[in-house]
Amino acid sequence: MTVSRSRQIAYDVLRRVEAGGAYASDVLHAELSGPIQPADAALATEIAMGVLRWRRLLDFLLERQMNQAVERLDLPVALALRMGAYQLRYLERIPARAAVNESVELVKRARKSSAASLVNAVLRKFAAEARLPAERYVAPDAGTAERLALSHSHPTWMVERWLARFGEEETAALLEANNRAPRLSCALPEPEQRTDVIRSLEESGLRVEPGVLLKSAFAVEGGSPARTPAFRSGRISIQDEASQAIPLLLGVREGDRVLDLCAAPGGKTPALARAAGRSGLVVATDRHAHRLRAMAAQFERVGLRTVQLTGLDATHALPFRDGFERILVDAPCSGTGTLARHPEIRWRLRPERLAESSEQQRQMLANALERLAPGGRLVYSTCSLEPEENEHVVAAVLKTWPSIRLARASETARTIAAHLAPGLSAEGFVDRDGFFRTWPAAHRTDGFFAAPLEKT
């Protein structure tokens with residue numbers, strides 16, 4: 001029996017994510033960049049990302065049909081079971097026979113034929129109750145955190161944190177948002193080309209809808225924008241709208257010296273370079289050579305040739321003599337605001353990592369402030385929902401910098417208001433302290449945090 005190309009790709013993606021620590025979105029982009037039918041690409045993406053989002057619940061339901069934990073099985077066997085279970089439970093158009101038989105074949109191809117009968121038997125039993133509500137199998141005495149974590153497939157410790165901060169209703173909404181496929185939002189390096197770009201995308205068979213956050217953004221459905229002439233020619237980039245909003249908070253002016261610290265993968269840099277103009281200077285940095293090379297390729301695709309790329313570790317003193325009028329510190333973080341886009345993070349992250357990240361982020365922010373020119377502005381941002389990586393970092397650094405203040409909420413609101421989609425108010429994104437935030441459930445974007453800081 002053969003295995004469809006879509007299922008083989010999904011299996012290969014999951015194997016590299018689980019065994020090699022890769023990110024599913026990166027592997028999918030590489031796997032689907034060649035000639036492939038749109039339907040196969042869509043199914044491969046659906047299965048791979050769906051298994052990662054629902055892994056805990058799938059394992060819980062599978063283990064009802066067997067006498068051992070799925071995680072203790074050989075990886076090829078565990079992946080085949082999860083793939084089959086996901087299709088049986090969530091993909092109504094997939095015949096049960098195809099989901100079961102191709103999962104068995106995947107195990108055989110992985111040279112685990114001895115487990116083929118196990119996969120076949122477990123998935124056939126699973127199919128009989130695949131669509132029943134998961135809540136009926138949760139222990140009656142399970143606490144709120146455990147019940148929500150299991151039914152929405154998240155780690156219990158993560159749900160406990162969010163319940164303490166947000167309450168049950170808001171936490172449940174966040175969990176549901178994390179399990180939805182994110183919008184495929186696009187950024188325009190040259191906004192004046194918007195009409196022509198949208199026409200080109202529609203001619204490629206995609207459906208275009210307006211942005212939910214920014215008037216310059218839009219989203220597409222019905223296919224991958226990365227496979228269109230508009231993307232290949234550099235007229236669009238794929239970037240979440242919340243991510244697009246962050247560089248706008250800097251208010252870069254013509255002629256500014258701009259530092260984009262921790263710039264990889266480079267999505268925010270083009271907006272900075274466009275605002276600084278030919279008379280400005282934009283320096284983009286990262287500590288890893290391979291990420292600098294990837295940024296160089298990205299900038300070449302979009303026709304951005306004025307940015308200076310520099311390799312450095314931002315946790316050490318920055319090797320610049322002169323100051324910068326504008327600095328973006330988009331700090332490495334836990335990524336808990338991007339769990340819909342990167343579902344594997346929820347299974348890799350550990351609570352102790354938050355304290356480690358916080359210390360690293362404080363050092364980066366302090367080093368960047370050393371190079372902020374008087375009267376300049378710095379934006380510290382993360383794609384995290386956790387206070388240890390956000391307001392706690394800012395508060396700790398501000399204690400040692402009397403010349404730095406958080407920009408007034410009214411100033412930040414005015415800066416972003418000019419870019420918001422029609423009908424939106426800046427007050428919905430800027431709190432009374434002056435922090436900018438987006439929330440996956442409320443805004444249909446990734447969850448971002450940003451603190452605009454100014455040197456008096």
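Biologist: What makes the pair R408 and E411 a salt bridge?

Modeller: In this predicted model, the closest N and O atoms of R408 and E411 are 3.1 Å apart. The cut-off for a side-chain nitrogen of Lys or Arg and a carboxyl oxygen of Asp or Glu is 4 Å, so the pair qualifies. In general, side chains of opposite charge can pair when their charged atoms come close.

Biologist: Is E411 to be called buried or exposed, and why?

Modeller: The relative accessibility of E411 is 17%. Buried means under 20%, so E411 is classed as buried.

Biologist: Which residues are linked with R408 and E411 in a network of salt bridges?

Modeller: The network links R408 and E411 with R377, R405 and E454. One of its pairs is E454 with R405, whose closest N and O atoms are 2.7 Å apart.

Biologist: Why do E454 and R405 fall into separate accessibility classes?

Modeller: E454 has a relative accessible area of 13%, which is under 20% and therefore buried. R405 has 24%, which lies between 20% and 50%, so R405 is partly exposed.

Biologist: How many salt bridges does the rule give for the model?

Modeller: The count comes to 28 salt bridges. Among them is the pair D446 and R341, whose side chains meet at 3.1 Å, N to O. D446 lies in the loop between α20 (440–443) and β12 (449–455), and R341 in the loop between β8 (324–330) and α16 (345–348), so the pair ties together parts that are 105 residues apart in sequence. The relative accessibility of D446 is 7%, and because this is under 20%, D446 counts as buried.

Biologist: Which residues are in contact with R183, leaving aside its neighbours within four places in sequence?

Modeller: R341 is one of them, and the others are E209, P210, G211, V212, A219, E241 and R444. R183 itself lies in the loop between α10 (168–178) and β1 (184–187).

Biologist: How do you know that the side chain of R183 makes a polar contact with the side chain of E209?

Modeller: The distance between these two side chains is 2.6 Å. A polar contact requires N or O atoms within 3.5 Å, so the pair meets the distance limit. The side chain of R183 also reaches the backbone oxygen of P210, at 3.1 Å.

Biologist: Why is R183 called buried?

Modeller: Its relative accessible area is 14%, which is under 20%, so R183 is buried.

Biologist: What makes T310 partly exposed?

Modeller: T310, in strand β7 (residues 307–311), has a relative accessibility of 23%. This value lies between 20% and 50%, so T310 counts as partly exposed. Not counting residues up to four places away in sequence, T310 touches V283, A284, T285, D286 and L292.

Biologist: What is known of the lining of the second largest pocket?

Modeller: The pocket, with a volume of about 410 Å³, is lined by 23 residues. L188, Q244, L248, A271 and R274 lie nearest its centre. Helices α13 (241–248) and α14 (269–276) each supply at least two lining residues, and the largest share, five residues, comes from α14. By class, the lining has 13 nonpolar, eight polar and two charged residues.

Biologist: Why are the phi values of R111 and C262 worth noting?

Modeller: R111 has a positive phi of about 65°, and C262 has a positive phi of about 55°; neither residue is a glycine. Most residues other than glycine have a negative phi. R111 lies in the loop between α6 (96–109) and α7 (116–128), whereas C262 is found in the loop between β5 and α14.

Biologist: Is each of these two residues buried or exposed?

Modeller: R111 has a relative accessible area of 77%, which is over 50%, so R111 is exposed. C262 has 11%, which is under 20%, so C262 is buried.

Biologist: What kind of peptide bond joins A264 and P265?

Modeller: The bond is cis, with omega about 5°. Most peptide bonds are trans. P265 is found in the loop between β5 (257–261) and α14.

Technical notes: Residues numbered from 1 in each chain as written. Predicted model: local features only at pLDDT ≥ 70, side-chain atom pairs only at ≥ 80, totals over all residues. Heavy atoms only, no water. Helix = DSSP H or I, 4+ residues; strand = E, 2+ residues; numbered from the N terminus. Buried < 20%, exposed > 50% of the residue type's maximum accessible area, 1.4 Å probe, protein only. Polar contact = N/O pair within 3.5 Å; in protein donor to acceptor, adjacent residues only side chain to side chain. Contact = heavy atoms within 4.5 Å. 1 Å grid on protein atoms, 1.4 Å probe; cavity = no way out; pocket = protein on both sides within 12 Å on 5 of 7 lines; lining within 4 Å. Points joined across faces, edges and corners; volume = space filled by probe spheres on them. Nonpolar A, V, L, I, M, F, W, Y, C, P; charged D, E, K, R; others polar.
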